[in-house]
Amino acid sequence: MRPDAGAVYRRYLSAVLLHGQASARACDLGATDLYALNILELHGAMTPGELGERTGLTTGPTTRLIDRLEQAGYVRRSPSPDDRRKVIVEVVGKPARLDEVMAPARERVGEILRGYTPEQLDVLFDYFGRAATAYQEATDDLRP
């Protein structure tokens, strides 16, 4: 009998979310701080407004988030090369323990992935890419 796909998927998403929160705590960060660093690493420098939009934070909390990350030495604010009236936020460092904290999960997931054929991996990575887009579109639909 096949397990309930919805329950399996929710369990997976919960485990990923909880691991992210635990990883952030282990690096003396809030979960949103680590999430924001990840966004900046994946998408590159952006304005505070864009970062706020991507994290779901309003202006005040976004400013405090950037202040915390800047004080910790992880990001810097710079004038935008396109418009000097704007500021961009860019990554300049990462938590010293982040790789150490993430290593056990990366190793375990890597071990799982090594058990798949190249064709199965193609399907998995196709799913991850398409699901990320679907979640982003659904998130956009929920925003006012």
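The model is predicted, with residues numbered from 1 along each chain as its sequence is written; local features need pLDDT of at least 70, side-chain atom pairs count only at pLDDT 80 or more, and totals for chains, interfaces and linings use all residues. Side-chain values use heavy atoms, with hydrogens and water left out.

**Whole chain.** Colour by secondary structure to show six helices and two strands, in the order α-α-α-α-β-β-α-α along the sequence. Helices (H or I, at least four residues) and strands (E, at least two) are DSSP runs, numbered from the N terminus.

Within residues 1-133 the chain is 67% helix and 8% strand, and the C-alpha atoms at the ends are 31 Å apart.

**The two domains.** Colour residues 1-95 as domain 1 and residues 96-143 as domain 2; these bounds come from an automatic or database domain assignment. Their C-alpha centres lie 17 Å apart. Contact (heavy atoms within 4.5 Å) involves 13 residues from domain 1 and eleven residues from domain 2. About 990 Å² is buried between the domains, with carbon and sulfur atoms giving 55% of that area. Buried area is the accessible area (1.4 Å probe) that two parts lose on being put together, summed over both.

**Across the interface.** Which residue does Lys94 pair with in a salt bridge? Display Asp99: the closest N and O atoms of this pair are 2.8 Å apart. A salt bridge is a side-chain nitrogen of Lys or Arg within 4 Å of a carboxyl oxygen of Asp or Glu, and the count between the two domains is one. Now select the side of domain 1 that touches domain 2, to which helix 1 (5-26) and helix 3 (48-55) each supply at least two residues. Helix 1 provides the largest share of that side, six residues.

**Helix 4 and strand 1.** The structure holds ten salt bridges. For another of these, select Asp67 and Arg77, whose closest N and O atoms are 2.7 Å apart. Asp67 lies in helix 4 (residues 59-71) and Arg77 in strand 1 (residues 75-79), so this pair ties together parts that are ten residues apart in sequence.
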